[in-house]
Amino acid sequence: MTTNILTGIISIVLGLVYSITALRLPHMTMGDRLGPKIFPYFVGIVTIITGIAMILQDRNPEKRSKKVDFGFKEHKNVWIKIGLLTIAGIVFGLVIDGLGYMIATALFMFFVSMLINRGKLVQNIVIAVLFSVVTYFVFGVALKLSLPRGIIETMLPF
Amino acid sequence: MHSILMNLSIGLQTAFTFTNILWVFIGGTLGTIIGMLPGLGPATGVAILIPITFGMNPATALITMAAVYYGAMFGGSRASIMLNIPGDASAIVSCFDGYPMTKKGKAGTALAISAIASFIGGMIGMIFMIFLSQPVASAALRFGPAEMFSLMLFALVATITLSEGNILKGLFAIVVGLMLSTIGIDPLAGVVRFTYGISSLNEGIDFLVVIIGVYAVTEVYKNLKSIDTVYNFDSKSIGKVRVSKEEFKQCLVPMLRSTPLGFVIGVLPGMGGTIATFMSYAMEKNLSKHPEEFGKGTIEGLAAPEAANNACSCGAMVPLLTLGIPGSATTAVMLGALMLLGVRPGPTLFADHPDIAWGVIASMLIGNIILLFINLPLAIPLVQLLRVPQRIMLPIVMGLGLIGAYFLNYSSFDLILVMISALVGYIFVILEVPLPPLVLALILGGTTEQSFRNAMVLSDGNPAIFFQKPISAVFIVLAGVSLVYALVRRRKQAAK
């Protein structure tokens with residue numbers, strides 16, 4: 001499968017789902033009659049046409065676009081890291097209010113550093129703690145953003 | 001002329017406060033550092049530094065971000081010269097002659113001329129910007145919804161036709177951006193659209209969240225393959241960071257020629273520093289008396305594109321400030337950050353907030369001078385930062401991106417969106433779908449749709465309105481012509 005064909009298929013599916021959703025939006029009876037449907041409807045149609053054109057572009061076997069290569073085998077490690085980083089980012093968002101800014105950020109940075117900078121335990125602990133403390137002072141103290149307060153933050157005098 | 005000087009003096013009053021000059025210094029230094037690091041360009045720099053502008057007044061915020069932007073332009077070529085690795089795409093050309101100069105033991109000269117050329121290109125570019133901004137803003141003030149829609153349409157189409165790459169994939173990126181912009185409550189009719197029952201989406205997708213996803217986190221993902229690369233160079237062989245009189249004379253005409261070229265390319269949507277630097281290099285090689293020396297460490301080959309690059313970044317500020325249309329990824333990020341502070345760049349910015357609009361322009365003049373002083377005497381200590389390994393840099397970029405996204409609305413849902421955008425962004429990179437048109441369409445989508453619908457209401461549902469208004473018709477024709485031209489040109493290229 002080439003990049004054009006795969007992108008084309010994604011485009012057609014996306015365009016169809018989007019256009020159908022647009023058509024099912026409520027019809028306005030007064031004022032702006034074309035209302036909230038018309039623009040999305042156009043966008044959906046253009047998406048479908050773009051998708052078809054992309055697939056047609058690759059019909060000539062000599063001028064085909066590159067083959068899709070996600071590198072799942074060759075760069076398996078990269079994909080595992082991306083997967084773990086994605087989960088880490090989401091979990092970070094879920095726990096930051098409960099744990100407070102400093103602890104949550106330090107834990108998140110420690111996890112990310114351990115993934116990317118492997119085998120350097122001490123260095124990573126230093127990065128994690130420094131990042132969390134420095135950004136807390138820059139954003140929470142100097143720039144006065146209200147950051148989530150946990151055990152550590154409530155003990156601080158500012 | 002008189003009014004321009006008046007406005008500039010208002011601007012200088014805004015810019016010449018201790019706080020603003022301090023932020024120009026901080027922003028410029030941080031920008032230089034981020035621009036310097038391989039793989040991280042100015043868009044990433046502005047994206048992860050957005051949180052430092054929270055709580056600032058809009059003028060200071062815009063001044064700080066502009067400083068980060070052109071600081072990154074100054075810094076972009078450092079890695080090209082020292083390591084033969086461009087800091088971002090617009091610094092690729094700087095490798096051609098910059099690195100050979102380093103190999104000849106003239107790294108100091110190369111660093112000096114790149115800072116001087118950046119300064120000259122930036123200074124002259126700003127003078128162009130000063131004279132062009134007011135007329136463009138005044139003309140745009142008279143635009144009705146039909147003209148606005150056609151202008152947006154042209155800007156979006158130009159983004160994909162003027163840049164390199166597959167046009168259909170660019171179009172795909174645009175429609176995805178437009179789709180994302182329609183998610184949430186429709187401001188004109190109050191109808192909830194495309195949320196598929198997820199109530200957190202009712203207020204729409206904050207485009208800064210997507211921007212942080214694709215410009216900070218996706219960049220980290222892209223660099224994961226090369227985390228073990230160790231960058232090394234010999235600091236002792238850099239030599240003195242200065243240029244001789246003869247060398248400066250040799251570069252003067254090429255720099256002056258490349259500046260207007262870079263500026264014009266910057267004003268056009270979609271044509272960023274990459275195209276400006278390549279065109280300027282090609283032009284100088286053609287005009288040179290000794291073209292065979294290009295690529296072997298000739299000093300004009302480094303000076304001309306550097307000047308074009310900084311002039312280009314001044315040019316890109318013109319449509320951003322006067323029309324509210326960002327022409328590049330970085331200016332798109334800046335627009336997003338400004339809207340967060342309640343400032344909507346566009347023609348009314350010059351009429352309603354001359355202090356902000358002209359304050360930024362004036363601060364860029366000051367900033368350019370400050371940056372020259374950062375980049376000449378501090379060149380050697382700054383390039384030492386190139387030694388910081390990727391494995392330490394990447395977690396920090398990711399951390400800054402995520403806390404920045406969280407600070408936007410203090411919402412954990414936003415972090416989920418950042419991670420999804422980053423993943424989708426990475427898949428788009430593999431599919432060779434360009435990301436800047438997506439971001440641009442997402443930012444401009446709301447205005448595009450509203451002006452379209454307002455125009456349709458005015459004309460009672462008759463789409464002919466877009467052709468009856470002369471200015472609107474011109475933009476639509478321009479959009480059509482650029483699309484046809486691009487398709488024909490690419491067909492010819494394919495035939496070769």
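Predicted model: local features only at pLDDT ≥ 70, side-chain atom pairs only at ≥ 80, totals over all residues.
## Two domains in chain A

Domain bounds here come from an automatic or database domain assignment. On that basis, chain A splits into domain 1, covering 3–63, and domain 2, covering 76–155.

## Where chain A meets chain B

How many residues of each chain are in contact with the other? It's 50 from chain A and 51 from chain B. The largest share belongs to α3(A), with 10 residues.

What are the residues on this side of chain A like? They sort into 29 nonpolar, 16 polar and 5 charged.

Now hop over to α13 of chain B, residues 329–340. Its 12 residues, at 1.5 Å a residue, should span 16 Å, and the end C-alpha atoms are 17 Å apart, so the two values agree.

Is α13(B) mostly covered or mostly open? Mostly covered: 10 of the 12 residues are buried. Among them are A329(B), V333(B), M334(B), L335(B) and L338(B). What do the buried residues of α13(B) pack against? Their partners are other chain B helices: α3 (42–49), α4 (58–83), α9 (207–223), α12 (300–323) and α19 (436–458).

Just past the end of α13(B), look for G342(B), which has a positive phi of about 85°.

Terms used:
Residues numbered from 1 in each chain as written. Chains lettered and ligands numbered in written order. Contact = placed C-beta atoms within 7 Å. Helix = DSSP H or I, 4+ residues; strand = E, 2+ residues; numbered from the N terminus. Nonpolar A, V, L, I, M, F, W, Y, C, P; charged D, E, K, R; others polar. Expected span 1.5 Å × (residues − 1). Buried ≥ 20, exposed ≤ 12 C-beta atoms within 10 Å, placed from the backbone.
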